[in-house]
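Subject: Structure handover

Hello,

Here is the structure I said I would pass on. My notes on it follow below.

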Amino acid sequence: MASDDRPVYQPKDAIGAAARSTMITGGAGLFLSAVQNSLTRQNVTGWGVITRTGGTIGLFAAIGGTFEFVRIAAANLRETEDAYNQAIGGFFAGGIVGFRMRSFPAVIGYGAALATLQGVFEYTGGKLDGFKADYSVDQYERKEQLRRNRRRPIEETLQELGEGRGIYGPGYEERRRERIQKRYGVDVAQNVTQAS
């Protein structure tokens, strides 16, 4: 049966994680509030970060804390880690964004939008940098094998690109000497070092 194959779910501390997330996203909100404050046309003091654009700090902190708390609480109640937990947390965090609009349809709309975004993101792997293959394989060995498999013979490269631009085949110096002798009548010495 499939339920016996699943590992046992270990409950997580929702309040501690929500507090950490609130602090992190509140710090991001403080940074964004400082940027907003510095871009105002009026000459405002440093306290304008809190008094004038401080709502940004509270909004970011509330979104981050709500998302993390609801996500972990849903995982603890359902005793599973999957994309539904992200979607539930996204719905509540999106609802916080909708509260600023003071409209119930905005709360539902922003909640549904963020729930869809978070749920799909988690369902498709939850990474922005793509799928990582097998971590047990040494990355250096894997890249060396890829280089060996994709390395082309020098004859094929010379046939397609020709010589020059740092690509020289065997016997290039002799062919160069003969070509210069034939065209210009100048005998090139064999041990000439190129200037850097």
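Leaving aside neighbours within four places in sequence, threonine 80 is in contact (heavy atoms within 4.5 Å) with Arg6, Tyr9, Ala75 and Asn85. Threonine 80 sits in the loop between α4 (55–78) and α5 (83–99); helices here are DSSP runs of H or I with at least four residues, numbered from the N terminus. With a relative accessibility of 16%, threonine 80 counts as buried, where buried means under 20% relative accessible area, exposed over 50% and partly exposed in between (1.4 Å probe, protein chains only).

Before the rest, the conventions. This is a predicted model, in which local features need pLDDT of at least 70 and side-chain atom pairs count only at pLDDT 80 or more, while totals for chains, interfaces and linings use all residues. Residues are numbered from 1 along each chain as its sequence is written, and side-chain values use heavy atoms, with hydrogens and water left out.

The loop that holds threonine 80 also holds glutamate 79. Glutamate 79 is exposed, at 55% relative accessible area, and has a positive phi of about 55° although it is not a glycine. Most residues other than glycine have a negative phi. Arginine 102, in the loop between α5 and α6, also has a positive phi, near 55°, and is exposed at 79%.

The largest pocket has about 180 Å³ of space. Of its 10 lining residues, the closest to the centre are Arg6, Pro7, Tyr9, Glu79 and Thr80. A pocket is an open set of points on a 1 Å grid over the protein atoms alone, where a 1.4 Å probe fits, with protein on both sides within 12 Å along at least five of seven lines; lining residues have an atom within 4 Å of a point.

Helix α6 (residues 104–123) has 20 residues, which at 1.5 Å a residue should span 28 Å, and its end C-alpha atoms are 28 Å apart, so the two agree; the expected span is 1.5 Å times one less than the number of residues. Its buried residues are Ala106, Val107, Gly111, Ala115 and Gly119, and what covers them includes α5. Just after α6, glycine 125 takes a positive phi of about 120°.

There is one aromatic pair. The rings of phenylalanine 91 and phenylalanine 92 have centres 6.0 Å apart and planes at 90°, so the pair is edge-to-face (centres within 6.5 Å; planes under 30 degrees apart are stacked, over 60 edge-to-face, the rest tilted). Phenylalanine 91 is partly exposed at 32%, as is phenylalanine 92 at 44%.

Regards

Technical notes:
Helix = DSSP H or I, 4+ residues; strand = E, 2+ residues; numbered from the N terminus. Points joined across faces, edges and corners; volume = space filled by probe spheres on them.
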